[in-house]
Amino acid sequence: MEDINIKITDRDGVTHEVVAPTDMAMNLMEVVRSYELAEEGTIGICGGMAMCASCQCYILSDTELPDMSDDEEAMLSEAFNVKPNSRLGCQIQMTPELEGLEVVLAPEE
Ligand code: FES
């Protein structure tokens, strides 16, 4: 079992250093929820289907991420507060390559 260390800044601007497992098929949105870093009901609304953008986050580190799917790209093209470094947390699976990832949660829409 391999865990990775990631930094997540919540919507209040507080940065949390969290440890995420890479062998539980978790995505970033689920990690945020499991550590309760966003209020229940404000993240992961579509259940991780790339259909709500409630899990939008900004990537701060230069971590190499998997390419966006067409669904993720389409959702982000319609979402609010989108920046060039926006991604949907639910589309980012926890893998050992993401060690050191740093993200900021986008504001609630
Ligand atoms: S949880 Fe809905 S787009 Fe990620």
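This is a predicted model: local features need pLDDT of at least 70, side-chain atom pairs count only at pLDDT 80 or more; totals for chains, interfaces and linings use all residues.
A residue counts as buried when its relative accessible area is under 20%, as exposed when that area is over 50%, and as partly exposed in between (1.4 Å probe, protein chains only). The structure holds zero disulfides, a disulfide being a pair of cysteine sulfur atoms within 2.5 Å.

Residues are numbered from 1 along each chain as its sequence is written, and side-chain values use heavy atoms, with hydrogens and water left out.

Now for the strands (DSSP runs of E, at least two residues, numbered from the N terminus). Two of them pair if DSSP finds at least two bridges between them. Strand S1 (residues 3-9) runs antiparallel to strand S2 (residues 15-21), and seven bridges hold the pairing. Within it, Ile4 sits opposite Ala20 of S2. The two strands make a hairpin with five residues between them, and Gly13 in the turn shows a positive phi of about 85 degrees.

Strand S3 (residues 56-59) is covered on both faces: Gln56 and Tyr58 are buried on one side, Cys57 and Ile59 on the other. S3 has antiparallel links to strand S4 (residues 86-88) through three bridges, and Tyr58 has Ser86 as its bridge partner there.

Val104 belongs to strand S5 (residues 102-105). Is Val104 buried or partly exposed? Its relative accessibility is 22%, so Val104 counts as partly exposed. Contacts (heavy atoms within 4.5 Å) link Val104 to Thr9, Cys57, Tyr58 and Leu60, leaving out residues up to four places away in sequence. Although Val104 and Cys57 are 47 residues apart along the chain, their C-alpha atoms are separated by 5.4 Å. Thr9, in S1, is buried because its relative accessible area is 12%. Beyond its neighbours within four places in sequence, Thr9 touches residues including Val14, Val103 and Leu105.

Key: Helices (H or I, at least four residues) and strands (E, at least two) are DSSP runs, numbered from the N terminus.
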